[in-house]
Amino acid sequence: MMTSNFIVDVNEADFEFEVIAYSQNTPVLVDFWASWCQPCRHLTPLLEGLANEMQGAFRLARVNVDENPNLALRYGVRSIPTVKAFVQGQVVAEFVGLQPEARIREFIQRLMPPSPAALALEKAYSLLAEQQWEDAETIFRDLEDQEGLRPAVQLGLLKSVLAQGRGGEAALILRDFPASREFPIAEKMRPLVEALVQFERGELPNETDLDATFINAIRLARRGNLEAAMDGLLDILRQDKRYRNDLARQVMLGILELYDPNDPTARQYRNELGMVLF
């Protein structure tokens, strides 16, 4: 079996030190195995490879159940291979049997403490939910400097910039948005982005009273007055549900994407939009 600084064989005598005490600072995966166990011959090398690949992010502790039956009994091991994860001296997760590598990676990842970047991203999205657009943008800008075009960062940056009415900057973010699961969400905001850019260039059509109302709604969105902008868009839709090939509806949906899904204001406006359209 492979050995390294991140992999240890443990027994009943040193389990408390090598697993329980060690897990106070670093997650420990305990692999309960036996030499006669066929699945163990595939799982153990996989765990060893991941332990070395992750360079100490977790420790792998191997327990031969034939040689250490009391440990198997103590932790309720009824089938092997069994893998139990220890954090701060306690079993926090486990799996039984041979698993695909991708699933094991996910299992290990859930044990890892969040990185500073992950914590910063969570904070930035919390600020978005609280509509603190400028503070959120500051964090997203810092994360962009650190991580480049990470989709979750770019989506948050797009929302924070759009909520402040900066169409030109939003257009640049949207232009380079990476293919990802966040991409369809970003695309929902494209009509709003394009309307803001056209407003900034003086290119929005101004031929009818509804056009004038639309221009005013975009002016309000550019100033960050999103609720007043949506009120104007609803006024348009009450008179013409298909205004300029569905433009008013699409722009309003783009504005709603800036809000947290559970935000009461967003729910209210979605309900009003539904009543107007249907």
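**Entry 1: helix α10 and its neighbours**

I began with the packing of α10: its buried residues (buried means under 20% relative accessible area, exposed over 50%, partly exposed in between, with a 1.4 Å probe and protein chains only) pack against α7 (151-163), α8 (167-175), α9 (183-188), α11 (209-222) and α13 (243-256). Contact here means heavy atoms within 4.5 Å. Helices (H or I, at least four residues) and strands (E, at least two) are DSSP runs, numbered from the N terminus.

A note on what I am looking at: this is a predicted model, in which local features need pLDDT of at least 70, side-chain atom pairs count only at pLDDT 80 or more, and totals for chains, interfaces and linings use all residues. Residues are numbered from 1 along each chain as its sequence is written, and side-chain values use heavy atoms, with hydrogens and water left out.

Which residues of α10 are buried? I found P191, L192, V193, A195, L196, V197 and F199. The helix runs over residues 190-201, 12 residues in all, and spans 16 Å from its first C-alpha to its last, close to the 16 Å expected at 1.5 Å a residue. That expected span is 1.5 Å times one less than the number of residues. After α10 comes G202, with a positive phi near 70°.

**Entry 2: helix α2**

Next I turned to α2, residues 38-53. With 16 residues, α2 reaches 24 Å from first C-alpha to last, close to the expected 22 Å. I listed its buried residues as C40, L43, T44, L46, L47, E48, L50, A51 and N52. What do they pack against? Their partners are the strands β1 (7-9), β2 (28-33), β3 (59-64), β4 (82-87) and β5 (90-96), together with helix α4 (101-109).

α2 is followed by Q55, which sits in the loop between α2 and β3. The phi of Q55 is near 50°, a positive value in a residue other than glycine. Is Q55 buried or exposed? Q55 is exposed, because its relative accessible area is 56%.

**Entry 3: α6 against α7**

I wanted the geometry of this pair, as two packed helices are described by the angle between their axes and the distance between the axes. The axes of α6 (residues 133-147) and α7 come within 9 Å and cross at roughly 145°. Axes are lines fitted to C-alpha atoms, for helices over the stretch in contact, and angles run from 0 to 180 degrees between N-to-C directions.

From α6, W133, E137, F140, R141, L143, E144 and E147 take part; they meet A152, V153, Q154, G156, L157, S160, V161 and A163 of α7.

**Entry 4: single residues**

I looked up Q131 in the loop between α5 (116-129) and α6. Its phi is positive, near 65°, in a residue other than glycine. Q131 is partly exposed, because its relative accessible area is 32%.

Where is P81? I found P81 in the loop between α3 (69-74) and β4, and the peptide bond from I80 to P81 is cis, with omega near 0°.

D209 belongs to helix α11 and is exposed, because its relative accessible area is 68%.

**Entry 5: domains**

Last, I noted the division of the chain into domain 1 (7-110) and domain 2 (117-277). These bounds come from an automatic or database domain assignment. The C-alpha centres of the two domains lie 48 Å apart.
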